[in-house]
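Here are my quick notes on this one, for you to read alongside the coordinates.

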Amino acid sequence: VPADASNPDSVVVSVLNISATLGSQAVLPCKSYRMVWTQDRLNDRQRVVHWDVYSKYYGDNKMERLCDMYSAGDQRVYSSYNKGRIFMPKNAFTDGNFSLVIKDVAESDEGTYSCNLHHHYCHLYETVKIQLDITKKAEDANEYWDGEKPVIVALEGSTVMLPCVNRNHIWTERHSEEEQQVVHWDRQPPGVPHDRADRLIDLYASGERRSYGPLFIRQKMNITNTAFALGDFSLRISELESADEGTYSCHLHHHYCGLHERRIYQVFVTEPVREKKVVNLTTHNIAPAVGNLFPFSFPSDPNVVRGHNVINVIIPESRVHFFQQLGYILATLLLFIVFLIIVVLVTRKRRQRGYEYNVKKYGEKDVNLKEFTVDTTDLTQYKSEDIRLDYKNNILKEKAEQARSFPAKHIDLDKGNNELLR
């Protein structure tokens, strides 16, 4: 499963759920012996190729080592009979051609040959198998594929080459181990995607270490200094807290060996289990009434000295406090509901009652309607049948009838002239 689309070579090799109690230390195991760093003091002798043959010619059906060669050394031929007769190219670890050349092939050379490439540093092992058959007829010489491996039919006495070519850079180039090995740890809080994870630690084979985040996180999350020597890159988290929950990732990168692995850990923090309380009740000279509570009987002989009887009573954890708090909450909720109902009832009653109006009372004095004068000069005449009024009493009704009959207004012209002359 690719770890992400941007780095398809990085694969998730394991997913673990880790649960630890609050305040304890959690260890997230991340081990890989392919990441163990060993300095090359033998001029890159950690790459080797050797050729073997499985032959039935002598009837013993055994595997025989023919020759081998290290990347920085000379090739070695095991049988004196084959010296000078079989060999590999001297620049095999330069151009990636590990083919085996056999001169003057004989019938005894028939068998299944295997080209074995070993990279001890990267823990890589590759094998190529080839079947060699010998014929005495030139027209039968041929090469074909039998479904599992190539088959070469060679003419007896000729020179044949068994192909084995691998030009991958790890077989043809030298490397600097300490610069191309790195391990880093990431952390994703709950709900945070992988591409937004927080980097915790970077550790290089050269010994360089980089820690990220606040100081308290750098102090509580660590990798041992012997990580690359032992291949153990486990993360240790001390004094676990609830905030430490989340998804942790261990990334192992060996760029030279082509190793890109990712291990995922889901960390959960649980509350510590509380120990049950045990009360030791020591009884000495128990009274008869108390003795009846127990199934065993005490010696009745007064001359016999009674020993101490210890009774272990396990008192379960009390839950009275929980129910007490729950009662407070329910009582408060009930009072609030009662108060809300009272407010609703009072409001509805006031709306139904409306506002009362008393025309006879004004500041605790009787109101005399005759003191009010009505100016009817600007009123327009309306037909009596068009006016429909409701009256509180007969006095207002009489006033309204008087307002309907408008008296004729007398204009004295002489009075106006006399005023102008003055």
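**Salt bridges, strands and a surface patch**

1. Let's start with Arg 210 and Glu 208, whose side chains meet in a salt bridge at 2.8 Å, N to O. Arg 210 is partly exposed at 36% relative accessibility, and Glu 208 is partly exposed with a relative accessible area of 36%. Bear in mind that this is a predicted model.

2. A search of the whole structure turns up 9 salt bridges. One of them pairs Arg 85 with Asp 109, with the closest N and O atoms 3.0 Å apart. Arg 85 sits in the loop between β6 and β7 and Asp 109 in the loop between β8 and β9, so the pair ties together parts 24 residues apart in sequence. Arg 85 is buried, at 11% relative accessible area, and Asp 109 is buried too, at 7%.

3. Asp 244 and Lys 220 also meet through their side chains, at 2.8 Å from N to O. Asp 244 is in the loop between β18 and β19 while Lys 220 is in helix α4, so this pair links parts 24 residues apart in sequence. Both Asp 244 and Lys 220 are buried.

4. Now for strand β19: 9 of its 9 residues are buried. β14 runs antiparallel to β19, joined by 8 bridges, and Asp 186 stands opposite Ser 249 in β19. Asp 186 is also linked with Arg 199 and Asp 202 in a network of salt bridges.

5. On β20, 9 bridges join the strand to β19, again antiparallel, with Tyr 248 partnered by Tyr 265. The two strands make a hairpin with 4 residues between them, and Gly 258 in the turn has a positive phi of about 75°.

6. Finally, the surface has a nonpolar patch whose members, including Phe 336 and Ile 337, together expose about 670 Å² of accessible area. Ile 337 lies in helix α7 and is partly exposed, at 41%.

Conventions
Residues are numbered from 1 along each chain as its sequence is written. This is a predicted model: local features need pLDDT of at least 70, side-chain atom pairs count only at pLDDT 80 or more; totals for chains, interfaces and linings use all residues. Side-chain values use heavy atoms; hydrogens and water are left out. Patches are made of residues with over 30% relative accessible area and no salt bridge: like charges are joined within 9 Å, nonpolar side chains (Val, Leu, Ile, Met, Phe, Trp, Tyr) within 5 Å. Accessible areas come from the Shrake-Rupley method with a 1.4 Å probe; for residues, only the protein chains shown count as cover. A salt bridge is a side-chain nitrogen of Lys or Arg within 4 Å of a carboxyl oxygen of Asp or Glu. Buried means under 20% relative accessible area, exposed over 50%, partly exposed in between (1.4 Å probe, protein chains only). Two strands pair if DSSP finds at least two bridges between them.
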